[in-house]
Amino acid sequence: MLNGKVAVVTGASRGIGRQIAISMAKEGAVVIVNYNGSAAKAEDVVKEITEAGGQAEAVQCNVSDYSAAEAFLKDIISRYKRIDILVNNAGITRDNLLMKMSEEEFDAVIDTNLKGAFNCIKHVSRQMLKQKGGRIINISSVSGVMGNAGQANYCASKAGVIGLTKSVAREIGSRGITVNAIAPGFIDTEMTAVLPEDVKKAMGEQIPLKRFGTTEDVAQAAVFLASDRAAYITGQVLCVDGGMAM
Ligand code: NAP
């Protein structure tokens with residue numbers, strides 16, 4: 001489905017990003033596995049892809065840093081000559097109730113989850129405009145759609161990602177570039193592993209499909225949105241959440 005496409009997946013060393021990178025490579029894409037601190041894990045992802053016959057490269061970049069994101073993407077464009085798919089997946093949580101949330105906790109989450117997506121879109125869109133085509137997929141969250149107590153910073157960042165998605169989709173759609181968001185529900189990764197058991201149980205009860213999602217559930221949606229099969233879909237929020245937000 002993605003033969004010969006060049007795909008950049010941010011935060012692909014672990015969790016959802018890791019699986020998106022592996023699934024896109026399996027469909028024929030050459031994948032740039034971005035990471036911030038987990039170099040060894042990113043190299044493991046590259047190894048898994050290449051051993052299966054695919055092509056990938058791990059590249060470090062803190063996407064919340066505007067200049068670093070610019071240098072990272074300029075380097076990829078100069079070496080690969082194009083970027084067909086950008087998946088803005090890098091994300092963090094710093095959960096706290098609003099009354100206890102510090103300015104640092106708020107800023108860190110906005111800087112990575114929202115500004116990181118802006119930084120990468122900003123430095124990829126000119127190339128996609130030149131190519132007259134491309135796919136941008138932003139990983140939002142069910143929390144950005146519904147809100148969640150204890151996650152004002154995270155929900156604000158993920159709701160912001162939805163606004164960013166729809167605005168950019170309107171701005172660059174005429175050049176054949178689609179921009180969509182995926183809003184995962186509760187997916188089994190290191191991010192959700194830290195939640196207390198009682199919180200996980202309460203969350204599980206809110207899910208009509210009665211299970212947490214897998215990284216594969218999200219990756220398959222990303223592959224579809226990146227493929228030619230999704231050519232007429234833009235500005236949408238695809239909830240991959242077992243029916244939580246409907
Ligand atoms: P995860 O297991 O904690 O992995 C996060 C990834 O983001 C890691 O690869 C990490 O790289 C990378 N990252 C963090 N800050 C970065 C930065 N400044 N620059 C570049 N990379 C950075 O998280 P996950 O559960 O897979 O979540 C992935 C995305 O899905 C996030 O945007 C998250 O908000 C969203 N999401 C997750 C769930 C869920 O239930 N898990 C639900 C809805 C939405 P390093 O290890 O190198 O730091």
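These notebook entries record what I looked up in a predicted model of one protein chain.

**Entry 1: the chain as a whole**

I began with the secondary structure and found nine helices and seven strands in the protein chain. I then took the radius of gyration, which is 17 Å, close to the 18 Å that the globule rule gives for 246 residues, so the chain is as compact as a globular protein of that length. Along the principal axes, the C-alpha atoms fill a box of roughly 50 × 35 × 35 Å.

I next looked up burial and found that 51% of the 246 residues count as buried. For the accessible surface I noted a total of about 11600 Å², with 52% of this area belonging to carbon and sulfur atoms. I also checked how far contacts reach along the sequence: of those between residues at least 6 apart, 74% join residues at least 24 apart. Lastly I located the charges, 27 positive and 26 negative, and their mean positions are 8 Å apart.

**Entry 2: aromatic pairs**

How many aromatic pairs does the structure hold? I found two.

I placed Y66 in helix α3, residues 66-80, and F118 in helix α4, residues 103-131. Y66 has a relative accessible area of 30% and is partly exposed. F118, at 37%, is also counted as partly exposed.

F186 and F212 form an aromatic pair as well, with 5.9 Å from centre to centre and 35° between the planes, and I noted it as tilted. F186 lies in the loop between β6 (177-184) and α7 (190-193), while F212 lies in the loop between α8 (197-205) and α9 (215-226), so this pair ties together parts that are 26 residues apart in sequence.

**Entry 3: T215**

I turned to T215, which I found in helix α9. Its relative accessible area is 16%, and burial requires a value under 20%, so T215 is buried. Which residues does T215 contact, leaving aside its neighbours within four places in sequence? I listed G15, I16 and Q19, together with I187, D188 and T189.

**Entry 4: positive phi angles**

I then examined backbone angles. Most residues other than glycine have a negative phi.

K132 has a phi near 60°, a positive value in a residue other than glycine. I located K132 in the loop between α4 and β5 (134-139). With a relative accessible area of 62%, K132 is exposed.

K210 likewise has a positive phi, near 60°. Where does K210 lie? Its place is in the loop between α8 and α9, and the loop between α8 and α9 is also where I had placed F212.

Definitions and conventions. Residues are numbered from 1 along each chain as its sequence is written. This is a predicted model: local features need pLDDT of at least 70, side-chain atom pairs count only at pLDDT 80 or more; totals for chains, interfaces and linings use all residues. Side-chain values use heavy atoms; hydrogens and water are left out. Rings of Phe, Tyr and Trp (its six-membered ring) pair if their centres lie within 6.5 Å; planes under 30 degrees apart count as stacked, over 60 as edge-to-face and the rest as tilted. Helices (H or I, at least four residues) and strands (E, at least two) are DSSP runs, numbered from the N terminus. Buried means under 20% relative accessible area, exposed over 50%, partly exposed in between (1.4 Å probe, protein chains only). The radius of gyration is taken over C-alpha atoms; the globule rule is 2.2 Å times the number of residues to the power 0.38. Contact means heavy atoms within 4.5 Å. Accessible areas come from the Shrake-Rupley method with a 1.4 Å probe; for residues, only the protein chains shown count as cover. Lys and Arg count as positive and Asp and Glu as negative; His and the chain ends are not counted. The place of a charge is taken as NZ of Lys, CZ of Arg, CG of Asp or CD of Glu.
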